[in-house]
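Me: I would like to learn how to read a few features in a model. Where do we start?

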Amino acid sequence: MQPSDSYLGPVIRLRRGQRVRIELINELPEPTIIHWHGLHVPDDMDGHPRHAIGPGQRYVYAFRVLNRAGTYWYHAHPHGRTGHQVYHGLAGLLLVSDEEEAALRLPGGDQDMPLVIQDRTFDDDNQFVYPAAGHGMGASMMSRGGGGRGMGSMMASMMGVLGDRILVNGRQVQALDVDRRARRLRLLNGSNTRTYKLAWNDGSPLTVIGTDGGLLAAPAHRKFLVLGPAERADIWTDFANWKEGESPSLQSLPFEGGMTMGSGPLPDGSQFPVLQFRIVGSGPVEPARLPDRLAQLPPVQASVAINAEHPKVFDLTMGMMVWGINGRPFEMLQATAQETVKLGTHEVWEFRNEGRNSMMGMVMAHSMHIHGLQFRVIGREIADRFAAAYRTVQPGLMDEGWKDTVLVMPGERVRVLVGFEDYPGLFLYHCHMLEHEDSGLMRNYLVKA
Ligand code: C2O
Ligand code: CU
């Protein structure tokens with residue numbers, strides 16, 4: 001059950017420090033470009049939609065891997081079509097290794113299991129159904145590939161697409177045979193809009209060893225783990241905790257604050273199974289050991305930010321059927337003064353999800369991603385009237401390590417410490433609920449040398 005025996009792209013394995021050259025050849029009937037999610041790369045290597053190539057064209061990527069070991073991924077990023085193309089399979093994992101990680105001797109080989117979780121809907125011929133129309137494309141493109149019209153489709157294009165079947169590595173809920181050894185489960189929420197609240201069915205805690213940007217300083221334990229679209233978590237699991245013949249399963253637990261409008265048969269925040277294991281074989285006898293120090297992680301010091309006392313505020317807004325940031329929808333080449341930063345500095349940014357200016361005061365969660373860097377989460381604040389719903393999610397948020405994507409729940413303000421340390425240029429930041437991104441919840445920031 002490798003992720004790549006499916007509609008997903010191949011797993012790309014890289015070493016820190018390595019030089020990479022990748023050639024993208026567009027054999028689609030529409031523009032595309034590939035983004036390396038989580039990697040620190042120069043802006044023309046990052047897969048910005050301004051670099052999308054037409055049918056039959058090529059794009060050559062060449063960069064050095066600066067990232068720490070971790071679970072990253074890649075996916076299509078042409079403006080207005082990201083949701084459509086990722087849904088149909090233009091995504092895959094990118095695993096980086098380094099010496100610090102190798103020294104820990106974490107489970108490797110087939111005990112290192114990447115698990116890409118996605119939801120999809122199928123038609124009677126077992127073909128993907130993608131109900132959103134997409135934005136910014138001609139009408140002929142909009143009708144291609146099942147993109148319907150009308151209210152349902154408009155709703156899906158705005159609010160997001162939820163599938164009613166859960167796939168792991170491209171296959172439906174299945175029982176995987178595992179022996180009683182320790183495994184590293186690298187979870188990626190590769191869904192367009194759905195958020196997962198993952199837990200073991202018997203209440204065993206999850207041992208988290210890594211987040212978006214690689215290993216934590218030390219293992220952390222959670223009863224459940226909440227992953228918004230594009231977030232990753234590295235889970236260490238000793239299957240010797242279960243006996244031969246038992247079937248531990250990962251499931252998604254109910255929560256509030258997900259996408260509720262027009263959500264179909266499997267609403268966001270409902271309960272469902274994700275992946276089942278079946279324990280085979282009785283050995284080994286000695287329990288596996290996980291080191292209690294994992295990696296060097298610099299302490300978070302918000303005081304390094306040039307605006308430590310005055311965070312930059314990014315309001316997630318919705319105007320007349322378009323999402324935006326501070327009221328502005330996506331503009332391909334623009335960045336405002338607030339969105340302009342200086343190379344070599346750190347800033348505090350605050351994402352606010354308060355439904356300002358929104359239709360009917362509607363607020364839903366957003367999964368905010370910043371390109372080209374990893375950041376640290378330094379604070380969260382929830383508005384009183386959302387506090388009860390928030391409690392169904394909060395204990396499962398993992399803010400400890402390096403992040404490139406952070407879930408911002410309804411009524412929440414999330415403060416992050418962002419360092420612009422590597423490259424100058426124009427980079428994106430956006431909601432990773434792909435239909436939100438495609439319909440305007442995306443902007444550029446400009447790093448000036
Ligand atoms: Cu994975 Cu611009 O995103
Ligand atoms: Cu969003």
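Reply: Start with metal sites: donors are N, O and S atoms within 2.8 Å of the metal (3.2 Å for Na, K and Ca), and because water is not among the atoms, sites may look incomplete. This is a predicted model, in which local features need pLDDT of at least 70, side-chain atom pairs count only at pLDDT 80 or more, and totals for chains, interfaces and linings use all residues. Side-chain values use heavy atoms, with hydrogens and water left out, residues are numbered from 1 along each chain as its sequence is written, and chains are lettered from A and ligands numbered from 1 in the order in which they are written.

Me: Which residues coordinate the copper ion (ligand 2)?

Reply: H366 (ND1), C431 (SG) and H436 (ND1) do, at 1.9 to 2.1 Å. Along the chain, these donors have the spacing H-x64-C-x4-H. Strands (E, at least two residues) are DSSP runs, as are helices (H or I, at least four), numbered from the N terminus. H366 is in strand β23 (residues 366-370) and C431 in strand β27 (residues 425-431), so the pair ties together parts that are 65 residues apart in sequence.

Me: Is H366 buried or exposed?

Reply: Buried means under 20% relative accessible area, exposed over 50%, and partly exposed in between (1.4 Å probe, protein chains only). H366 is buried, at 1% relative accessibility, and C431 is buried at 0%.

Me: What is the phi of N169?

Reply: The phi of N169 is positive, about 50 degrees, although N169 is not a glycine. N169 sits in the loop between β8 (165-168) and β9 (171-172), and is buried at 0% relative accessibility.
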